There are 2 protein chains.
Amino acid sequence: MIRHAQYQSLIDLFKRINHLDHAITILNWDQMVMMPENGVSARSEAIAELTVMRHELLTSQDVKQHLDEASRLTDSLNAGEQRSLIAMRIAYNDVSCLPADLVKAQVMAGALCEHGWRTQRKANDWKGFLKNFKEVVKLSIEEANIRQEVIGSSTPYDALLDLHCRGDSSSLIDDVFSQLKAQLPSLIDAAIEKQAANNTKSSNNEVHSSSVGQYPISEQKVLSEKLMKSLGFDFSAGRLDISAHPFSTGVIGDQRITTRYDDAGFLDALLATAHETGHASYEAGLPIEWAGLPVGEARNMCIHESQSLLFEKMVTVSGPFLKHLHSLIQHTLSAGKSMSYESLLSHARQVSKSYIRVEADELTYPIHVALRYDIERDLINGAITPEDIPDAWDAAMQSGLGLSTKDNYTDGCMQDIHWTDGTFGYFPSYTMGAVNSAQLFQALTVQHSDWEDRFAVGDIGFVRDWLSTHIWQHGCHKGSQELMIEATGKGTDAQSLIQHLTARYLEH
Amino acid sequence: MIRHAQYQSLIDLFKRINHLDHAITILNWDQMVMMPENGVSARSEAIAELTVMRHELLTSQDVKQHLDEASRLTDSLNAGEQRSLIAMRIAYNDVSCLPADLVKAQVMAGALCEHGWRTQRKANDWKGFLKNFKEVVKLSIEEANIRQEVIGSSTPYDALLDLHCRGDSSSLIDDVFSQLKAQLPSLIDAAIEKQAANNTKSSNNEVHSSSVGQYPISEQKVLSEKLMKSLGFDFSAGRLDISAHPFSTGVIGDQRITTRYDDAGFLDALLATAHETGHASYEAGLPIEWAGLPVGEARNMCIHESQSLLFEKMVTVSGPFLKHLHSLIQHTLSAGKSMSYESLLSHARQVSKSYIRVEADELTYPIHVALRYDIERDLINGAITPEDIPDAWDAAMQSGLGLSTKDNYTDGCMQDIHWTDGTFGYFPSYTMGAVNSAQLFQALTVQHSDWEDRFAVGDIGFVRDWLSTHIWQHGCHKGSQELMIEATGKGTDAQSLIQHLTARYLEH
């Protein structure tokens, strides 16, 4: 079939945009990983320029015209091309629907609020923060209202959710999270009780030492690379580096992940590596025939996070795989030779009630996310105002984890960077990802009943094949719930995660 | 003074081009230093796209119009802005004067010739190479004729020379090189004779060992960094990495150099580091107030190479600085503790007649360059044809170094990559750089008679200050010969280099 001219023009344009994105991605990676400090000013200018060029290309009058014409002639396109066209339309709408004045105001208010937050958080200065933050929220509500009109979402918040969790509505998330909020608190208490009873055998300093330098970074780097190879990472198509915060990024054929090492303990860096390897594996597994086009991209952040958490929590921290990892540690770390498997297992599965989300374990993490979700949903839909946040936060921490954050903004509602620049609708993806990961893992282990034997010898090839078949190779050709239903027989549902957590923390 | 609108538009445009160049530079660096092998296809496409965008911006009708209008209104510009405008006009002409068909034909012929060369050189296949190369030469002559018409140069070759050695004409280079060709052969013979007489004291394996692994790369890296710091390299505004061939590149505030290590010997990597540190120091010292504009760029390759060679040959390999370097080596390399200063000195100053330019020492190097210059000048000006090259090469190697390359194309006229893609007019910059470096160094040491005492303790701050004042801070505001005359009292002249080589190789 000969593609018609408008569709071909759109392909050319989106490929050109993808080439700009390639440059922006590498410039950002370089800035986080390689760039010396004096390079920051010229780098910021260059990235800003390419971003403006990208915006100019994507919002040009030509694009709208080609999209409109192509939409009228879809009978000349095959099914894949029609989905590709829809994904292009969505990419265009996402960017073009906002007035330039609003975007500019948001960038300025976000930069001001984030910049202030860096000192205000440390100073526990909620009032100072609130002043800037109210403007951010006001502008985000404005954005949400415009987007709601364009996409016809049921609520303004759903229109922001659509940017990060497209396909997963707030009514679905409400359902999933209310089950977690109802069932996790008692599960957490029971797990902590069981842990206290068991906590006599292994001593802490086997995995995290009080003596700095016990786990040289050069050894940890080798260990991380061995783990990545076990998890199927292809070093001819990617790299591992060091940055202040672990992240994953990349371009076609070139996935780059980072971790950070602490020479007093190796587990955090190692699990961060496993997590980012999951993200990178998804990106590397996207359909190459649609590479560089919107329909070839990852589905949404709830699916993306499910891949990273599946690699980290379902595979790496599973009992059988930890046996393999234990052997890698013994062969790689000088100080790891005498470490017992039981000690590794207990450290990888510590549970505790804590204030800080990024330090939380898999059992308490959903409580942290659900409370942020409830607050941001109500904030954007106008049910509460920014002034209401501290009380709402404290109430949720009290009921979920029994901790008070009263007057403690530093460790409470000011702990995260996300909201400072108006990133609303992102938080739920962390826990939707955890739920999806448990559900996907349950489905795949039902089909591979020998999974424990395979994991114990470091074989996860069948996991990668299954994920490739059911998730990776579909890119954006299917919706997130369509992917979940076809892979697991049902849409995202909290029960697999509850079952996984119960089995891991109470039954073993 | 209020800048007029056309000039301001040009500033905006050239800054935008500079931001694209920033991205292209980092993408290229990343490709050579960091990128995994599977990234090459997407990277090539991205770089090609940005290069096309750059070309579209620079050759747009707007630019020509603004340039023409601004040129009519120069009384509203100060002297610096007027020079800036001239540099913009030159940048525009350089790129816009060639028809797109010719550029495309050159890219294709160059790619074909270079690709073939990679196997033909090894196979000594001159005939196979000649077939592709004749097309490259034909198109380069076409280019030279067009450029000659635009810039009004005295010969077609001068128009290509203008791209790399702007300001240094072929008549100047003829003068300089004919002195070198007349005086170097006897100097080389005398130096080799003296060296043979002295060559009883130090044994080769003190600097280059036959045992692999004697100089661990981790130690050599520390040594390179120490040398760079001694030479004034600012690691908050740059990096040192490893690549297949040493090079220097960078963007504003961020100079990046590379070297390559051999664990059987440390001297080549160390001197490559010194060389690239010179290039990087020039780039870092360009006038910040003109950064991102053509007038703020480095003058030409004859000046650029003079900076790298000044750092490598005049500073690092000087007797007093080698004393400092000897101390660094003793404190940094495990196998360097027992090495004598005399051994280091003799290795850093080995002279030999050899076929290969890139392996040649400073005494024989000009012979290699002068013969290439004579051939490419005559080739582009139509005095000889590609078929004449092997005989011309053999004759020049016979008279300059007493070596025959008859029927030996591999080590003769097919050894370099430069000509394969039509890079003519670049070779002379290597030796013009050497001549300039000796002349600049002579002038600066006359003004700093205590230079030897300072070098011996690793102090070269006064060298950097002098170069900054006389070369770096001028960017393109002055011509190359204007820079040389103001810094040294005369234009580029072979005698300083002859004096330097005589003093170093015959008088000590």
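Student: How many other C-beta atoms lie within 10 Å of B:N124?
Tutor: There are 15, so B:N124 is partly exposed. A residue is buried with 20 or more other C-beta atoms within 10 Å of its own, exposed with 12 or fewer, and partly exposed in between, with C-beta atoms placed from the backbone. This is a predicted model, where local features need pLDDT of at least 70, side-chain atom pairs count only at pLDDT 80 or more, and totals for chains, interfaces and linings use all residues. Residues are numbered from 1 along each chain as its sequence is written, while chains are lettered from A and ligands numbered from 1 in the order in which they are written.

Student: Where is B:N124?
Tutor: In the loop between α5 (100–120) and α6 (126–151) of chain B; helices (H or I, at least four residues) and strands (E, at least two) are DSSP runs, numbered from the N terminus.

Student: New topic: how many residues does each chain give to the contact?
Tutor: Chain B gives 28 residues and chain A gives 28 residues. Two residues are in contact if their C-beta atoms, placed from the backbone, lie within 7 Å.

Student: Which element supplies the largest share on the side of chain B?
Tutor: α1(B), with seven residues of the side that touches chain A.
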